[in-house]
Amino acid sequence: DKFQVTRRSIGYVFEHEFNDRLLLRNNMRFFAADNVYPSLQVDELGADQRTLQRSAFDDQDRSRALVMDTSLQYKWTMGSASHTSLIGFDHTTQRRHNEAYDQSAKALDLYTPIYGSAIGERTRALSSSKKKSKQVGVYFQDQIKIANRLVVLLGGRYDHIRQDDRACFSDDVRVDDEKSTAFTGGAGHVFLAEHGLGPYMSFSQSFQPQSGFDRKKTRFEPTRGEQWEVGVRYQPKDSQTQIAAAIYDLTRSNVLVPDPESRRHSIQFGKVRSRGVEIEARTRIGRNANLIAAYAYTDARTVESSPLTPEKEGKRSGGVPYNQVSLWADYGFGGFGLPGLKAGAGVRYVASTQGVFMEGTVPAFTLVVAMVSYSTGPWRLALNASNLTDKTYVASCTYGCFYGSPRIVVANATYKW
C-alpha cells in the first residue's frame, strides 16, 4: 500500500482602508493536489477459516481549486448603537479527476502465508469520474454594540452551485449542469456584564453540496446543518485568567460516511445529532509562562440512517469519543536573557470510540506534543513535534482499522516584512 500526495498552493491577502470607517478586502488562493494510493484489501475469510480472499486497487487523483473572496466593511453609529457592517461575495471553482482501477490478488493462507505474489492486471473501475463545480455566494453581516453592554451579531448568505459529473473512461454523463441554491443564516448575542462575565447564545445554519452517488446510483443530497449554543465567558478585571463554558446541540442531515459494502463508495445518513459540553481555562503564570486546559464531552448519534444501513438508527456515531481532555503549557525565556526563545509541551487524551461499520471498540489513547521557537527581527523559526513518544495506537475503524500517525517533526521558517 502507498498513500502519496503532493500539494501546492499560492494566494494573496489584500486590504485597503479608504478611511477609518470603510475597508475593502480581497483574498485569492489557488490549490492543487495530486494523489496516488494503490492498496490491497481483505475481502472475506473462507469457509475453511484459514484462507483470506483479497483484492487490489490502484487510484490516482488530481484536484484543482480556485477561491476568491471580496468584501466591504463599514463602521457607523445610530444613537447608542455602533455597527460594523459587512457585505461581500465569494467564488469557488473546483475540478477533480479520479482514475480508479481494480486488480485481482491471490488468496492468502493465514497458517502458511506466502507474501509478494504478483497483482493482476488493472481494469477500469466504473466509479472513475471527472467532476467540476462552481459556487457563488453573497453574504452580509452586522455586528451591533449597544451601550457598550450588549453585542448582537446578525448574518446570512445565499449560495448558488452548479455541478458536472462525468465518467472517466466513457461518454456516460451522471450529472449535467445540476443546480443547487440555499440561504443560510446565523444570529447571536453576548451580554458584557460587570465583573468580567459574558453570557452568550448563538444559532447558525450550514449548507454544503455533495458530488457523487452511492453504489445504487442514487445522487447525494447537499449536507445541511443547524447549531444552537449557549455559554458563558469569564475574565475577572485585571486578571490574566479566562474561563469559557458552553453547551450545544448540532444536527446535520445528509452526512456522508464510508460504505461498509464498497470501499469505493459512500452512503448518506439521513440525520446525525451531536450534543455536548465544552470547557476551557487559560491563564498566565508570572511573566513568562502560559497554561491552557480544555475538556469536551460529546454525545453523537445517528438519528435517521440510510436505507442501506437501517441498523445504525439510534446508535452512537462511530469515531466520536465521549470524552476528550487536553493540557498545554509554554514558557518564554526572556528572564534568562533570551526574549525570542519559547518552548512548550502538551498532552491530549482521547477516550475510546466505536467503529463506524465494525463491531468493537477503538481503545483510548494519549498523545504528547511539543514545540520550540525562536524569534528575532522579522524571522521566526519553529520546530513542532506531534506524537512525541512515537506511540503506536489505532486512531479509527471504518471499513478497516487504521493506525494513528507516528512521531512527526515539522520545521518552519517565517519571514515578515
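**Salt bridges in the model**

Modeller: Arg 96 has a relative accessibility of 36%, so this residue counts as partly exposed. Please keep in mind that the model is predicted. The partner of Arg 96 is Asp 61, and their side chains meet in a salt bridge with an N to O distance of 2.7 Å. Because Asp 61 belongs to strand β3 (residues 51-78) and Arg 96 to strand β4 (residues 81-109), the pair ties together parts that are 35 residues apart in sequence. Asp 61, for its part, counts as buried, because its relative accessibility is 8% and the buried class covers values under 20%.

A second salt bridge joins the side chains of Arg 275 and Asp 249, at 2.6 Å from N to O. Arg 275 lies in strand β12 (residues 262-285) and Asp 249 in strand β11 (residues 242-259), so this pair ties together parts that are 26 residues apart in sequence. Here Arg 275 is partly exposed, at 40% relative accessibility, and Asp 249 is partly exposed as well, at 22%.

Next, Glu 280 forms a salt bridge with Arg 282, and the closest N and O atoms of that pair are 3.3 Å apart. Glu 280 is partly exposed, with a relative accessible area of 31%, while Arg 282 counts as partly exposed at 33% relative accessibility. Altogether, the count comes to 14 salt bridges.

How values were computed:
Residues are numbered from 1 along each chain as its sequence is written. This is a predicted model: local features need pLDDT of at least 70, side-chain atom pairs count only at pLDDT 80 or more; totals for chains, interfaces and linings use all residues. Side-chain values use heavy atoms; hydrogens and water are left out. A salt bridge is a side-chain nitrogen of Lys or Arg within 4 Å of a carboxyl oxygen of Asp or Glu. Helices (H or I, at least four residues) and strands (E, at least two) are DSSP runs, numbered from the N terminus. Buried means under 20% relative accessible area, exposed over 50%, partly exposed in between (1.4 Å probe, protein chains only).
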